[in-house]
Each structure stands twice: as C-alpha cells, then as structure tokens.
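Hi everyone, thanks for making the time this morning.

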Amino acid sequence: MTKLTQTQQFAASAISKLGNLGFGVGLRSQHYPYIMSHLDQGTPLGVDWFEIISENYIDNHGYGRYVLDKLKEQYPLVMHGVSMNIGSSDPLNFEYLSKLKTLSEFVKPQLISDHLCWTGLAGLNSHDLLPMPLTDESLQHVIRRIDQVQDFLERPLVLENPSTYLEFQHSTLTESEFFCELVKATGCGMLLDVNNVFVSGFNHGFNAEQFIHELPHEHIVQIHLAGPSDCGDCLIDTHDQPVPEKVWQLYQLAQSLTGGASTLLEWDANIPSFPELVEELNKAKLVLEGHIPQQDTVSKTNAISTPIVNERAELL
C-alpha cells in the first residue's frame, strides 16, 4: 500500500472530522429579498446551512457579495464549483484556483467541492460536466491533480458524481471503483448526488442501489437531492421539479450506509418560493423517519437549468 503524503493525510483527517451540517439549500439570487428580510429581522429561515456556487461569487463585489457577507454571520456555508476541470488534459487553471482560494478566505466554508468530470479542453470552457473515461490512466491523472489542488488550497477537496449521458467503451473501471480508489489515494471526500445516480442508472442501465452500496461510505460528507426531467429514452439532470420517489429511496439507502451526511436540495430552474423550497427540503427529514413521499412521476420540461447566474440580469 502506498504511503499517503502529508497533504493527503491532512485531507483524509479533515474529511473524517467533518460533521453533519443538517439540511440545507442552494443560495439563489431569486431568494435574496426573502433571505435578507429574515436576516434583518433575526427570523429563522428554516434551513441549517447554505451551499453557494463558487463561480457566482468569484470576482463578485456587488450585492451578491453583500448578501454572502450577512449570511455567513448566521449560517454555515459550503462552496460548490463547476469549473475546476479536474479531469481535463489541460493544465490546472491556477488563476481560477487562486480566485477560489481568495473566495474561501472570505467565506470560510465548511468544505469546497466540485465534480469528477472535465469541463473544457484547449482553454475552452464547455459549460457542461463531461464524463470521464474510467481507466487506470485517467485515475492516476486525476489523483495527481487532486494532490495539486489540495496542496494549493490547503484544505481537502470534495468531488461529486455527475449525471452522465454517454460512457466510454474503453473504460475498465466502474464509477464506484474509480471513486473508491480516488479517495483512498488522495484522502479527498465525496459528494454523493443520489439524483445523479438515478439519472445515470436509468440512462446506462445499471443498478442504482448496488452502485450506492459499492461507494466509499466513510468518505461521503454531503448528499445532493434534486428532480430530473424525463426526455423519453433518457433522463436529464435539470434540477427543476420535486424529488421523485425513487430518488428519495436512494437517499434513504445512502443515509443508512453513511451514518448521516449533510443534505442539500438543489433547484436551478422553475425555482419555487423560498418557503416552498424549505417544504420540499423537509421531506428529507420524513424520509429519515421511514416515510417516503409518493412522488412517482418524473415530468418533461423545456426549462434551461443552470446554477450560474448573471447577477446584473437578475436584478433588472
């Protein structure tokens, strides 16, 4: 067995000490007025913590940064990114990582996460989370890059399993095997998105429950919930509707195997009011008590879903 480096040992130790934050939601600009009015009045918002999309606050010194400054005084925050490009053959973007580190020094997040994917090549950003070829070669490539990122950020990295719509024929590892080897080699954490497991399992025909059983449960520090869209022969990870029953079942299984990880509800299109969002989040508490919501249908949608916002457009 390869001995972990000092950075890897630090990461593994930090991941093991992360507590369960409870039940949180993603911070979206549509909810700024509601959130700020409650913060000003000292009224509870009904959630335990918030997740921010890192790219929405990098180089943002406007109203969004003001909201963030007020929110961090009362609620734990987590930073979740979509642009680290950890799986690409491009060199790591240290300009981006420097800005990410600067933001983390301001936010003081409980953790920093991104996705096990690649987002661009030759300096171009596809603005999508593209699937990895799951091979020993790509595994060693990502291990080296995670080591660099954790050393640069001086904190552990947490990686999420993305939804995928195609697979590489020459992959020699399953995604669960890839994650197990990755966390063992680097000490990094895993963000388990059970909706993504449901989507990818449907699209590729694998058993979602078995996939969750095979994961490195002791490294799972956060679980994402969301509602996908039915496009006939595939599901799309749109984050634009209630969580379906099958995803709640996967969530219940995952929580039983992890012993309890922080729960986050994502919603990025057709965004409901904040109280309605909290109502959907609270279903997770019922699931942990053994009550699965009877939300059978995965609806079709034409919505364009993205957590990245143009703050100027949002405020017009």
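**Cavities, a pocket and the core**

Let's start with the largest cavity, which holds about 40 Å³ of space. Keep in mind as we go that this is a predicted model. In total there are 3 cavities of 30 Å³ or more.

So who lines that largest cavity? You'll find L18, G19, L21, Q110, L111, V221 and S262 around it. By class, that lining has 4 nonpolar residues and 3 polar ones, with no charged residue.

Now over to the second largest pocket, with about 400 Å³ of space. Its lining has 21 residues, and the closest to the pocket's centre are L134, E167, T174, E175 and F206. Three helices, if you want to find them on screen, are the elements giving two or more residues each: α6 (175-186), α7 (194-204) and α8 (208-213). Here the lining splits into 10 nonpolar, 8 polar and 3 charged residues.

On to the packing. In soluble globular proteins, nonpolar side chains tend to be buried together. In this model, the largest nonpolar core has 76 residues, and F50 and V194 have the most contacts inside it. What does F50 touch, once we set aside its neighbours within four places in sequence? The partners are V25, L27, I35, L45, L71, Y75, P76, L77, V78 and F274. There is also a second, separate core of 8 residues, and I15, V78, V158 and V221 are among them.

Conventions:
Residues are numbered from 1 along each chain as its sequence is written. This is a predicted model: local features need pLDDT of at least 70, side-chain atom pairs count only at pLDDT 80 or more; totals for chains, interfaces and linings use all residues. Side-chain values use heavy atoms; hydrogens and water are left out. A nonpolar core is a set of buried Ala, Val, Leu, Ile, Met, Phe, Trp, Tyr and Cys residues joined through side-chain atoms within 4.5 Å. Buried means under 20% relative accessible area, exposed over 50%, partly exposed in between (1.4 Å probe, protein chains only). Contact means heavy atoms within 4.5 Å. On a 1 Å grid over the protein atoms alone, a cavity is a set of points where a 1.4 Å probe fits but cannot get out, and a pocket is an open set with protein on both sides within 12 Å along at least five of seven lines; lining residues have an atom within 4 Å of a point. Grid points are joined across faces, edges and corners, and a volume is the space filled by probe spheres set on the points. Ala, Val, Leu, Ile, Met, Phe, Trp, Tyr, Cys and Pro count as nonpolar, Asp, Glu, Lys and Arg as charged, and the others, Gly among them, as polar. Helices (H or I, at least four residues) and strands (E, at least two) are DSSP runs, numbered from the N terminus.
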